Amino acid sequence: MHIEPGIVDGAKMALSYGTGIAAAGLIGKMCLDTFRKDGGVVGLAARSVIATAAVFSFFELLPHYPVGVSEVHFILGSTLFLVLGAGPAAVGLALGLLMQGLLVAPFDLPQFGINLTTLIVPLYAVSLLANKIIPTKTAYKDVSYAQALALSTTYQGGIVAWVAFWAFYGQGFGAENMVSVGSFGAAYMLVVLGEPLLDLAVLAGAKTLAPLADSPLFTNRLHHAAA
């Protein structure tokens, strides 16, 4: 999902600053919702630290490879959402991305607004979709494969859509660029086949953590119905 340096440059970078600010606003909204409904400042802070460490590990330790205009990563956005909640997941994605740029890949820093938008807007879409397809009486540990697939498809599909947008915005609709975008999209959507299974495996593990059901280390919704 890291857009390659040079895909968007010059005056066109101005748009990325605007979308990056908007993405930061969404992070703030999701954090505020978490603060109000799900563990207060302690829960938000603790789970944000966990999410940041997890995202940085995902970037650096899990397999990732360049395809077309970007790289395929196993970011597991829907998994973070289901276990930690939207606010901490958003903070973790943002800070994990920033840490990777500062510590490992400084050449990605100029594209921070682009990549932040690509990660955060689909996560917000996942939070909206979850409210619609998961009944309030259902704890996240009990979601079905179909529900997990819908969330994963929304997140990964959103990433592909944003990468395609940036690529076409920066480089136009030439044949070579369209092939590069298509190859990236095809490779990335393969993640959708595996992520719901991982979600369900993680959630099955969560069922064994009933003594920690009220811990601030997990979103309250993981073990409980919505309030």
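Leu76 is placed in the loop that runs between strand S2 (70–72) and helix H3. The model described here is a predicted one. Most residues other than glycine have a negative phi. Leu76 is not a glycine, yet its phi is positive, at about 60 degrees.

Is Leu76 buried or exposed? The relative accessibility of Leu76 is 8%, so this residue counts as buried, the cut-off for that class being under 20%.

## The nonpolar core

The largest nonpolar core contains 61 residues. Those that touch the most other members are Ile75, Leu93, Leu119, Ile120 and Tyr188. Eight helices are named as supplying at least two residues each to this core: H1, H2 (40–61), H3 (77–84), H4 (86–103), H5, H6 (145–171), H7 (175–189) and H8 (191–207).

## The largest pocket

The volume of the largest pocket is about 640 Å³. Its lining is made up of 21 residues, and Asp33, Lys37, Asn131, Tyr140 and Arg221 are the closest to the pocket centre.

Two helices, H1 (13–37) and H5 (112–133), each provide at least two residues of this lining. The greatest contribution comes from H1, which gives five residues. Sorted by class, the lining of the largest pocket comprises nine nonpolar, seven polar and five charged residues.

## The cavity

How many cavities of 30 Å³ or more does a search of the whole structure find? The search finds one. The largest cavity has a volume of about 30 Å³, and H4 and H5 are the elements that give two or more residues to its lining.

The residues that line the largest cavity are Leu97, Gly101, Asp108, Leu109, Phe112 and Asn115. By class, three of the lining residues are nonpolar, two are polar and one is charged.

## Salt bridges

Three salt bridges are present in the structure. One of them joins Lys29 to Asp33, with 3.1 Å between the closest N and O atoms. Both residues belong to helix H1, where they stand four residues apart, about one turn of the helix. Lys29 has a relative accessible area of 38% and is therefore partly exposed. Asp33 is likewise partly exposed, because its relative accessible area is 25%.

Asp38 and Arg47 are both buried. In a further salt bridge, Lys141 pairs with Asp142, and the closest N and O atoms are 3.1 Å apart. Why does Asp142 count as partly exposed? The reason is its relative accessibility of 39%, which lies between the limits of 20% for buried and 50% for exposed residues.

How values were computed
Residues numbered from 1 in each chain as written. Predicted model: local features only at pLDDT ≥ 70, side-chain atom pairs only at ≥ 80, totals over all residues. Heavy atoms only, no water. 1 Å grid on protein atoms, 1.4 Å probe; cavity = no way out; pocket = protein on both sides within 12 Å on 5 of 7 lines; lining within 4 Å. Points joined across faces, edges and corners; volume = space filled by probe spheres on them. Nonpolar A, V, L, I, M, F, W, Y, C, P; charged D, E, K, R; others polar. Core = buried A, V, L, I, M, F, W, Y, C linked by side-chain atoms within 4.5 Å. Buried < 20%, exposed > 50% of the residue type's maximum accessible area, 1.4 Å probe, protein only. Salt bridge = Lys/Arg side-chain N within 4 Å of Asp/Glu carboxyl O.
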